[in-house]
Amino acid sequence: MKKAGIAFLVLCTAGVMVSCDKDKEQVDGWKPIYSTEANTETVEMKSSEPLVNPGRIYVYENYLMVNDEGKGIHIYDNSNQSNPTEVSFIEIPGNMDFSVRNNMIYADNITDMVIVDITDASQPVFKNRIKDIFPVQQFPDDFGPFECVDASRGTVIGWEKTKLEEPKCFR
Amino acid sequence: MKKLRLIFAGAFVLGALASCEKEEVTTNEEEVQVMPTTKDQASSGYGGSLSQFTIVDNYLYTIDYRTLNIFLLDDAENPAMTESIDMGVGMETVFAENGRLFIGANDGVHIFDISDPRSPQEVCEFEHVTSCDPVVANDNYAFATLRGGTECGGSLSQLDIIDISDLDNPQLAGEQFLMNPYGLGLSNVDPNILYVCDGYTGLKAFDISTTNSWNVDMVMEKGDIDALDVISDADNNLIVLTRGGIYQYDATNPVELVEKSVIPVQ
């Protein structure tokens, strides 16, 4: 009985110690967002989507285009700058940047480039994919600690802020 | 070095000669002469200073943490990569101006000549401390923001004004203390106004006509937005990317902005 009591006490103490350690070691950092092969190549056209994490702004003719980090591209009709209205959202997994020439969007889709025709901006049309031309960035944009990439969990399509315990990767 | 430059000049003359000869050959075919007109009719857009993609004429330039890639867009649906340059350094932003590419990298500003658009040649690098640094430029000056702090590796946060009138010898011409800088952009309305997005401290405007003094004068400070990037558009329209959404202002008076609309982050 006494033995069990001591064992219990030891366990408790150990538990407390572990949780203390946990609090101590937690730091702000980044962890990878993984996507599986199955859906990284799906480029979908939608009429509109809420703006979540705008990363890039772009002006093309009367359109204001905004990249939503890791998600895709919002197209707003900006002919009335006092009232821009979203005409379409192009969902492109992992998208961070793009450029437009002659009604063609050139955008990154993780390691690929995708080409989307916006001759009718409210009805974008997927045109082509050039495979494997961009390297996969195995670390976040910001410097500091991050959770190491585990390739077996899929392709990295973005990074999110998190609390890390004893991070092993730093930038 | 001098020898090298001489060789370069020699090569340049040869190059010019070569292209002259080419032109003579094509003068008979008048249809070929129409080409530049179709090129002019092509329209491309423009992004803010944080862009990693930029189009100049019929070429797309992209940068990432490792490489500068060049794509020919003549076949619009089938871009063809003409070159991929391993820079060996993390790159953040690319900005094209006056036949040059200005690349903001972790170790400084790299300037490339793109007179041969397929094959950019690095003409100079202005090194600075490790930081995040978008860059914009006019003919004589490049303006780069350096964001320090744990996120970016350095400790300084400032605006660097770099005299690039002699590309062989870029010189630091001025500095301005900043708090949390991100993108920046020259005003379309007044070429002497430079907008700087200073993160949580807001959007600031500086008078860059005073570049002969070491510091530039701040002529506007808009502290109610968390500013990240800016485009000074046609129609005196100023577009500002913030953490709270996309703001548009009437910038007829570039230092008295009048809000027109907000696309809020949800």
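Start with disulfides, meaning pairs of cysteine sulfur atoms within 2.5 Å. Over all chains the count comes to 1. The two residues are Cys148(A) and Cys169(A), with their sulfur atoms 2.0 Å apart. The torsion about the S-S bond of Cys148(A) and Cys169(A) is about 115°, so the disulfide is right-handed. This pair links distant parts of the chain, 21 residues apart. Cys148(A) sits in the loop between strand 11 (145-146) and strand 12 (155-165) of chain A, and Cys169(A) is in strand 13 (residues 169-170) of chain A. Strands here are DSSP runs of E, at least two residues long, numbered from the N terminus.

A word on the source. This is a predicted model, in which local features need pLDDT of at least 70 and side-chain atom pairs count only at pLDDT 80 or more, while totals for chains, interfaces and linings use all residues. Residues are numbered from 1 along each chain as its sequence is written, chains are lettered from A in the order in which they are written, and side-chain values use heavy atoms, with hydrogens and water left out.

Next, salt bridges: a side-chain nitrogen of Lys or Arg within 4 Å of a carboxyl oxygen of Asp or Glu. The whole structure has 15 of them over all chains. One of these joins Glu160(A) to Lys31(A), where the closest N and O atoms are 4.0 Å apart. That pair also links distant parts of the chain: Glu160(A) belongs to strand 12 of chain A and Lys31(A) to strand 1 (residues 26-35) of chain A, 129 residues apart.

Now the sheet that involves both chains. Two strands pair if DSSP finds at least two bridges between them. What is the strand order of the open sheet of 6 strands? The order is 2(A)-6(A)-5(A)-4(A)-3(A)-1(B), with antiparallel pairing. Its edge strands, each pairing on one side only, are strand 2 of chain A and strand 1 of chain B.

Counting contact as heavy atoms within 4.5 Å, chain B gives 54 residues and chain A gives 45. The buried area, which is the accessible area (1.4 Å probe) lost on putting the two parts together, summed over both, is about 4,000 Å², with carbon and sulfur atoms giving 60%.

How many salt bridges cross between chain B and chain A? The rule finds 1: Glu77(B) with Lys127(A), the closest N and O atoms being 3.8 Å apart. On the side of chain B that touches chain A, the elements giving two or more residues include strand 1 (46-47), strand 4 (67-72) and strand 21 (258-264) of chain B.

Notes:
Helices (H or I, at least four residues) and strands (E, at least two) are DSSP runs, numbered from the N terminus.
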